[in-house]
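The exercises below ask you to read a protein model step by step. Try each task before you turn to its solution.

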Amino acid sequence: MPQLTDQGAIDEGERERTGTWMTPAEYGASRAAVWTAAVVLVTDTRGRILVQSVDYRADRLLPGGAVDAGEAPSEAAARELREELGVDGRYPRGLAVDWIPADTPGFPPEMRFPGEILHVYDGGTWTPDRIEAVRLPAQEITGIQFAEPADLPDLMDPGDARRALSALRARVNGSGTALLEDGRPTAPTALDRLGVLRTRRIPLHGAWHPGPVPERLAVQDLSAWLFAPDGRVLLLISRATGAAHLPPPTAGSTQDAAPLGYRHGEQGVHARTAARLIGLPPGADPEYARLLATPEQIRELSDWGRAGDDELAAVHAARTLLGLPVPTRTPPTELPEGARR
């Protein structure tokens with residue numbers, strides 16, 4: 001930082017001095033001026049994102065708005081949700097901080113937009129009761145909806161959609177606040193690089209039933225929870241679409257395999273097994289990236305409805321029976337194509 005001196009203490013010799021000496025006025029004038037804003041990312045129990053319609057623009061927005069003079073960003077986030085949705089709360093956990101450049105399209109020249117620092121806070125998962133408690137103001141906010149993450153680019157300004165998806169991936173990663181520039185992470189994780197959640201998730205809302213599938217039911221799909229030694233499980237990500245899938249039981253060498261349960265609903269019967277993963281073949285299907293993730297992360301990347309919680313409980317019971325530890329939430333790790341475990 002340049003050294004500052006008091007204006008009245010600068011003699012004529014110092015005024016002509018070269019280097020980094022600056023008066024407070026000069027230093028203040030040299031600093032970049034930006035706006036500051038705060039928004040809140042809220043999901044429902046299906047992992048859809050709350051967006052709101054406003055009376056002054058056509059596209060959707062995350063709830064939130066400008067930070068007032070002298071106001072902390074987290075205070076602004078709480079105030080905005082109270083004013084816009086009638087919901088009281090605190091949102092101390094930051095998901096992302098985004099730098100929005102001054103030349104971003106869409107701002108009228110007369111606005112003289114100087115750029116913006118926008119904070120994205122985690123509003124958590126709202127239950128149906130809390131959603132029912134939303135009360136919209138008489139003006140500005142005309143409605144809310146919970147949107148599939150992949151639909152955000154069609155509903156929002158491109159930069160807003162990028163920011164929301166990056167913040168959602170940061171929440172799944174669980175590794176702290178992501179730094180963004182125009183909605184793009186400066187240090188992309190595997191979920192960012194693979195574009196996870198950029199295509200619509202397949203809803204599997206059938207009721208969860210523990211144990212093997214009865215013989216009278218035809219199995220439409222069989223997939224597996226394959227546990228690594230640290231308690232994480234294998235996840236496949238389509239490189240073409242970013243879609244997340246549990247692997248088939250044959251995706252690796254396993255032991256202690258057993259039926260876990262199945263879903264039975266309008267989508268047919270989808271069966272699950274659980275096993276200890278003891279090896280992965282090198283050079284697996286190049287169409288898919290192989291990641292290790294916690295069961296909770298896989299749950300959050302899927303649209304399984306309320307029965308997903310029952311399946312998750314069964315997964316942890318199987319992990320305990322296999323004598324494996326509770327995995328720590330870290331960003332999902334992409335395994336190299338030639339990896340063996």
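**Exercise 1.** How much space lies in the largest pocket, and which residues lie nearest its centre?

*Solution.* Before starting, note that this is a predicted model, in which local features need pLDDT of at least 70 and side-chain atom pairs count only at pLDDT 80 or more, while totals for chains, interfaces and linings use all residues. Residues are numbered from 1 along each chain as its sequence is written, and side-chain values use heavy atoms, with hydrogens and water left out.

Step 1: a pocket is an open set of points on a 1 Å grid over the protein atoms alone, where a 1.4 Å probe fits, with protein on both sides within 12 Å along at least five of seven lines. The volume, which is the space filled by probe spheres set on the points, comes to about 740 Å³ for the largest pocket.

Step 2: the lining (residues with an atom within 4 Å of a point) holds 29 residues, and Arg57, Leu61, Phe107, Glu116 and Asp160 lie nearest the centre. Among the elements that give two or more residues to this lining are β1 (35–44) and α6 (158–173), strands being DSSP runs of E with at least two residues and helices runs of H or I with at least four. With four residues, β1 gives the most.

**Exercise 2.** Find which residues lie closest to the centre of the second largest pocket.

*Solution.* Step 1: this pocket has a volume of about 460 Å³. Step 2: of the 24 residues that line the second largest pocket, Ile202, Leu204, Ala244, His245 and Leu246 are the closest to its centre. Step 3: β11 (219–227) contributes the most to this lining, with three residues.

**Exercise 3.** Are the residues of strand β12 buried or exposed, and with which strands does β12 pair?

*Solution.* Step 1: six of the six residues in β12 (233–238) are buried, that is, under 20% relative accessible area with a 1.4 Å probe and protein chains only. Both faces are covered, with Val233, Leu235 and Ile237 on one side and Leu234, Leu236 and Ser238 on the other.

Step 2: strands pair if DSSP finds at least two bridges between them. β12 pairs with β16 (residues 288–293) in the antiparallel sense over six bridges, and Ser238 has Tyr288 as its bridge partner there.

Step 3: two bridges join β12 to β13 (residues 244–245), again antiparallel, and Leu236 is partnered by His245. The two strands form a hairpin with five residues between them, where Gly242 in the turn has a positive phi of about 80 degrees.

Terms used:
Buried < 20%, exposed > 50% of the residue type's maximum accessible area, 1.4 Å probe, protein only.
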